[in-house]
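Subject: Structure handover

Hi,

Here is the structure for you to look over. My notes follow below it.

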Amino acid sequence: MMMPPLFGFRLRPLPDIVRNWQTIDFDVPKYLSGWFWLTDGWYWIATPDGEVPLNHPNFGAVVALPPDFDLHLDYQVARLWMDLEEMLPDILEPLPADLACATASGEWETWRAAVQAWWENIPDDAPLSESRWDAWVQAVGWWGARHLDMGYLVAPPVFRFWRFGDTVILTWDTREKRVDGALCWVETQGQITLSVEEFLAEVDDFRARLEIAMRERLREVGALGLLDAAALSSLQKQHDLTLFTESQLPERARWEDVLGAIQTLETGSGIMLDRR
């Protein structure tokens, strides 16, 4: 049986988007001129356990959504593409074996949380506090770069990607994410393992499907007759820049410095990272 695409999405019909803008008195031609806003819709990641994230069935009643609301994450699809594309160089950089083992076992998260708690209890004027801060930033920065930033949500689910050898691992965790005390997402946790080639094929497939959908969306916008030629030309440029401009390669992690910073924190805190 053919698996669904890893990165799934559906665009909201353009008439519905325009109607929503009119309801809240937005300047419709202005928003039609922004490619990002035209990607309004729903998106998800397909896993063996189902599509993630899905809103908890009871969540709609808490925030007064219609009873038939779509359970998928409701936001601009471009946000997922742009964040994924920005992360891609970090995702594709393999982790050192000991960090990969600690990450896969869950030991890294346990150690990081314990050291963070230790760090937060150190007085600001304590000796060596600045150097310890530098060590903290150096030690954990690589992990943040492999975390899908969903800070635009009130209770964001957690998605992380990393590479070990020729394998890309994706983990997710939607548990205990609440808004006004109510569970926001169907609670699930797990991971997917893909070869690097499979993962890159999924990224390329996402780009291709979004390009096709947005090419049709731009045709629909042109048919409305609300934008002049310059605005339509700008939309096409935004389309090409977002989907076909390669992200600049970040500075590669200096793993010897990362491991040295971890050792500094181990010495200072007395909390050791199990790298087995």
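E176 counts as exposed, at 52% relative accessibility; exposed means over 50% relative accessible area, buried under 20%, and partly exposed in between (1.4 Å probe, protein chains only). E176 has a positive phi of about 55 degrees although it is not a glycine. The residue sits in the loop between β6 (167–173) and β7 (178–179). Helices here are DSSP runs of H or I with at least four residues, strands are runs of E with at least two, and both are numbered from the N terminus.

This is a predicted model: local features need pLDDT of at least 70, side-chain atom pairs count only at pLDDT 80 or more, and totals for chains, interfaces and linings use all residues. Residues are numbered from 1 along each chain as its sequence is written, and side-chain values use heavy atoms, with hydrogens and water left out.

Other backbone points:

- D25 also has a positive phi, near 60 degrees, and is not a glycine. D25 lies in the loop between α1 (14–23) and α2 (28–32). At 69% relative accessibility, D25 is exposed.
- V52 and P53 are joined by a cis peptide bond, with omega about -5 degrees. P53 is in the loop between β3 (50–52) and α3.
- Why list these? Most residues other than glycine have a negative phi, and most peptide bonds are trans.

Overall picture. The protein has ten helices and nine strands. Its C-alpha trace spans about 65 × 50 × 40 Å along the principal axes. Of the 276 residues, 43% count as buried. Among contacts (heavy atoms within 4.5 Å) between residues at least 6 apart in sequence, 73% join residues at least 24 apart.

Cores. A nonpolar core is a set of buried Ala, Val, Leu, Ile, Met, Phe, Trp, Tyr and Cys residues joined through side-chain atoms within 4.5 Å. The largest has 52 residues, and F7, F161 and F199 have the most contacts inside it. A second, separate core has 24 residues, including L99, W108, W136 and W143. Leaving out residues up to four places away in sequence, F7 touches W44, I45, L80, L84, F161, F199, E202, V203, F206 and R209.

Aromatics. There are 16 aromatic pairs. Rings of Phe, Tyr and Trp (its six-membered ring) pair if their centres lie within 6.5 Å; planes under 30 degrees apart count as stacked, over 60 as edge-to-face and the rest as tilted. Y31 and W37 form an edge-to-face pair, 5.5 Å centre to centre with 65 degrees between the planes. Y31 is buried at 18% relative accessibility, while W37 is partly exposed at 37%. W81 and F206 are also edge-to-face, because their ring centres are 5.6 Å apart and their planes lie at 80 degrees. That pair links distant parts of the chain: W81 is in helix α4 (residues 77–92) and F206 in helix α8, 125 residues apart. Both W81 and F206 are buried. One aromatic cluster is formed by F7, F9, W81, F161, F199 and F206.

Helix packing. Helices α8 (residues 196–224) and α9 (residues 229–244) pack at about 175 degrees, with axes 11 Å apart. Axes are lines fitted to C-alpha atoms, for helices over the stretch in contact, and angles run from 0 to 180 degrees between N-to-C directions. The two helices are therefore roughly antiparallel; angles over 145 degrees count as that, under 35 as roughly parallel, 65 to 115 as roughly perpendicular and the rest as oblique.

Best wishes
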